[in-house]
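Work through the exercises below with the sequence and the structure open beside you. Try each task before you read its solution.

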Amino acid sequence: MTTEVLASRPATRGDAWWLTPLVIWQAVYAAAAALATGLVVARTGIVITGTPRLVAIGILGLITLFAALSVPWIIRRNHRGRLAAFLLNLVLAVGAGFLTLQETNVFNGLDALGGTFGRGIPFLALMAVGWLIAGWAGKVTGPTARALRLAARWLVIIGLALLLIRVGLLPGVWTFLTRLVQPAALTPAAVAVVASLWTRILLSDEPNPIFRSTKAQLEIMDGLFFVSPNVLGFLAFLAGPLAFSLFVSFTDWDGLSEAAWVGISNYTDLVTDPFFLKSLRNILYFGVLAVPLSVLPALGLAALLNTKMPGMKFFRALYFLPAVAGVVGVALIWKQLYNATVGYINYGLVRLWDLINLLPGLDLAPPQPQWLSSPSTAMLSMVIVFSFSTIGLNTVLFLAGLQSVPGDLYEAAELDGAGPWAKFRRITIPMLAPTTVFVVITTTILALQLFSEPFILNAPQLSPNGPGNATLTPVIYLYQNAFERFNQGYASAIGWALFLLIFAITIVYFRTQRDRGVLST
Amino acid sequence: MTTPPDRTTTAEHPERTVARQLQAARARRRRRIRTGFGRLALYAFLGGFALLMVFPFVYMAASALKTPADTFRYPPKVLPREAEVIVVDGEELPVYSLPVEGNPTDVLLAEQGIEAGVFVDPDNPDDPEDQVAWPLALAEDTGRTAVVDGEEVGVFVVPVGGDTEERALARTTVVGRFIGQDDPSLETFAVVRTAPAAEAITARWENFSDVLDRRGLDRALTNTILVTGLVVLGILFTSIMGGYAFARIRFPGRNALFLAYLGSIMIPFIVVIVPLFQLMVSLGWIDHLGVLVWPFLFNAYGTFLMRQFFMGIPKELDEAAVIDGAKRWRILWRIYVPLSWPAIATLGTFSFLYAWNSFVWPLVAIQTANEEDWVLTTALRQLGGQSVESPNLIFAGIVIAVVVPMAIFVAAQRYFVENVATSGIK
């Protein structure tokens, strides 16, 4: 609709005062990008080596190309010019803003905030109270609600203001300003301001008649703007590092000196590395025990909890607690429980054997394993802690799956005289199969990345065939290689090998389930 | 409530019969569950399992209030106990718990160094549970003898468990005289070194201040709150914007991009850790608190979750608003966000737990020596390694780390548990 209106008045597609400055700005942009590309190609000023250099040249080249193209496009009032200028200025604003914050040391200024933040915590509570009142205001109506909402808003505002003052916002801003006036920070700051102004102008409605932008074209601009924070972060902190990691896994990089391409030798070394093979054996043993122990009890519990009786939500919440508590705390608690001399588990075994010995003619000595230090039980201990942490989550997932099983099925089965076990066996399990596939896969992925439990409970050491590496897992081995021995290339190869293992197991499991007709889609 | 009269009751439809049977079956099922043994067994089983899941946390909370020695007690006891003392003339005297005439009594040590004998059952001389130490002066000599370990020894009458018995004198020792704390006329004798102390259930709250002030957990706690708050806000912001774009705005490459996001959920974080570490080194962020925040403001899960929720909101709502001329920015924050509180609460809780409990990255990115920038998980790990001699402090630290997420979970579980289920977040 809007499109037609816009198209019907070509006479008014006039000018705006900012069009000429924009053309000049884009031309300068293109020239600067070309200069930067040239510097990288010539290896003067900006020195990047190897594959990253090629990537940088590619990106800078593309930016140069589109910045240059945007100039004639804008002159011809082509929407492509608007889109290109918008995107280029968006990226420039983010990049220059980032550089400004980096130069003024704002990113690391968080340390200072960490020191003063404790003083502001009471005001955080004040804000929380305001927030609660706002929630409460939603439940009542009339003038009370309005008053409550007003009170809530002022509580939050005052709380925030006091918090900011208390944690030292004013001196912080002063420090920032003194750093900002340095040329190294002021230049990118100015560029960022100008570029974001352009972004704002180009995104607004004002240029619509000038560029005859259609509704669909405007939607594209909106879409790119809305995903941009997400996508830029995704590229910078996930996709980029991933690609880099793949590259590094084919080099002998130690994180400091220049990386040399070594082909697939990191991967071939893995195949013969006794530690890596040991860690693989360990993790497969762990997975074979831990996955069923985390999934099967959860399935049973979910089936029991799936009734309309009172208290079921309470139990569900209790089972979920370990997942909330976090692995470090849970592991440290279990470390004390596992204590071979004074721990509760061995004490429990003594009491259990006392009970068993009440049977006539029995006088058995209770087992008192050294849970964490003996190679035969160390991994079993990890299995117990892991299952303890994951059962609750899996129970909740199964419960959700059960909600979608129609109750009629059970009723029909009862008419046919089916007992509880038959119903569980013939209805619950088949109907839950898709959920089971999901639960098994996510639990497996989690299990194969086992790190924190062994790291905290018994810190595996690399001693060939010794008891110390009974709980050596691939991720622990990766950690040791990357951050204790600085074999970054080798560590990356371990990471990708583990990823391939996870991927392969997932695919194989998925396939078998699909072939059995469990997954219809 | 009244129901309209059923017009078909006169004619016996076959469907009706089935329906009635179904109803009967339903009622039977309800009866079976609601009453009797089955229900009791179900609750017993669920309760037993709950006990198993909760016991480690009960043990944690109780042990956080113990003295160091109390954590090493065998047999272990859940509740924290401390030896009782009584102050007499400005001096602290330990209180002991000894049987007097068969009843356990709180007693005080009145006199030491009394010559005594260890009297044993001649038929069972090696059982340490069945030996009595009693002053020689008070033991009544029967004049008879018995053979213990191939030696002929005298037999005496001594009090055993509120009664008197004949026992053989195995060897001599030294005992103390104890008098009742409340009733000084009560008197008993025992070897002072092995006399069990009287204990009372106490709570040693200093453990918390100890661990906060002296072990640096206060800084770790505020750091964790700061980092977690920023990460939660950041994830909410980027996920709401990205989720809206993926759900409602058409732009080229949207589906491919979304697939890439979904795929990235499958990739273990550990694969990224090495290059991300290097990136942080080159930015100069490593070993600063910001390294725990800035890279984690973007979350594929969160984007996915918000997109799924936004997809369920009727499209007509924002189409109407677009015609009204409301910009998408306002549509998102004025229409979509207020409608999405369950999803936002879920994502908020999830990202809270994710940030609060994250361990591997802080371990890698913050050096062990840099105590200023520790978060709770890394501080706890250090505490676990250093305070092997006083697990009570470790437990106090765990309580501090665990109590906040648990409170958040209890507050938000209505949203959280149900939405975890529907979105499959892990």
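Helices and strands are here DSSP runs, a helix having at least four residues and a strand at least two, and they are numbered from the N terminus. Please keep in mind throughout that this is a predicted model.

**Exercise 1. Backbone angles**

Solution. As background, most peptide bonds are trans, and most residues other than glycine have a negative phi.

Task: Describe the phi angle and the surroundings of A:Asn105 and of B:Asp287.

Solution. For A:Asn105, phi is near 65 degrees, which is a positive value in a residue other than glycine. A:Asn105 sits in the loop between H4 and H5 of chain A, and its relative accessible area of 33% makes it partly exposed. B:Asp287 likewise has a positive phi, of about 70 degrees, although it is not a glycine. Its place is the loop between helix H7 (269–283) and H8 of chain B, and at 22% relative accessibility B:Asp287 counts as partly exposed.

**Exercise 2. A loop residue that meets the other chain**

Task: Decide whether A:Asn108 is buried or exposed, and list which residues it contacts beyond its neighbours within four places in sequence.

Solution. First locate A:Asn108, which is found in the loop between helix H4 (79–103) and helix H5 (110–137) of chain A. Then compare its accessibility with the cut-off: buried means under 20%, so A:Asn108, at 11% relative accessibility, counts as buried. Finally, once its neighbours within four places in sequence are left aside, its contacts are B:Gly284, B:Trp285 and B:His288.

**Exercise 3. Aromatic pairs**

Task: Classify the pair of rings formed by A:Phe286 and A:Phe386, and then the pair formed by B:Tyr244 and B:Phe310.

Solution. Over all chains, the structure contains 58 aromatic pairs. In the pair of A:Phe286 and A:Phe386 the ring centres are 5.3 Å apart and the planes are at 75 degrees, so the pair is edge-to-face. Because A:Phe286 lies in helix H12 (residues 274–305) and A:Phe386 in helix H16 (residues 375–403) of chain A, the pair ties together parts that are 100 residues apart in sequence. Both A:Phe286 and A:Phe386 are buried. In the pair of B:Tyr244 and B:Phe310 the centres are 6.3 Å apart and the planes are at 85 degrees, so this pair is edge-to-face as well. B:Tyr244 lies in helix H5 (residues 217–248) and B:Phe310 in helix H8 (residues 300–311) of chain B, so the pair ties together parts that are 66 residues apart in sequence. B:Tyr244 counts as buried at 1% relative accessibility, and B:Phe310 counts as buried at 0%. Ring pairs also link these two residues into a cluster whose members include A:Phe225, A:Phe226 and B:Trp329.

**Exercise 4. The nonpolar cores**

Task: State how many residues the largest nonpolar core has, and which residues have the most contacts inside it.

Solution. The largest nonpolar core has 188 residues, and those with the most contacts inside it are A:Phe286 and B:Trp361. H5(B) gives the most to this core, with 15 residues. Among the residues that B:Trp361 touches, not counting those up to four places away in sequence, are B:Phe269, B:Met280 and B:Phe296. A second, separate core of 22 residues includes A:Trp25 and A:Leu203.

**Exercise 5. The interface and its charges**

Task: Describe the contact between chain A and chain B by its buried area and by its count of salt bridges.

Solution. Start with the area: chain A and chain B bury about 10000 Å² between them, 75% of it on carbon and sulfur atoms. A:Phe226, A:Phe237 and A:Tyr344 supply 8% of the area that chain A buries against chain B, more than any other three residues. Turning to charges, four salt bridges are counted between chain A and chain B. B:Arg328 forms a salt bridge with A:Asp222, with 2.7 Å between the closest N and O atoms. These two residues belong to a network of salt bridges that also links A:Glu219 and B:Arg250.

Technical notes. Residues are numbered from 1 along each chain as its sequence is written. Chains are lettered from A and ligands numbered from 1 in the order in which they are written. This is a predicted model: local features need pLDDT of at least 70, side-chain atom pairs count only at pLDDT 80 or more; totals for chains, interfaces and linings use all residues. Side-chain values use heavy atoms; hydrogens and water are left out. Buried means under 20% relative accessible area, exposed over 50%, partly exposed in between (1.4 Å probe, protein chains only). Contact means heavy atoms within 4.5 Å. Rings of Phe, Tyr and Trp (its six-membered ring) pair if their centres lie within 6.5 Å; planes under 30 degrees apart count as stacked, over 60 as edge-to-face and the rest as tilted. A nonpolar core is a set of buried Ala, Val, Leu, Ile, Met, Phe, Trp, Tyr and Cys residues joined through side-chain atoms within 4.5 Å. Buried area is the accessible area (1.4 Å probe) that two parts lose on being put together, summed over both. A salt bridge is a side-chain nitrogen of Lys or Arg within 4 Å of a carboxyl oxygen of Asp or Glu.
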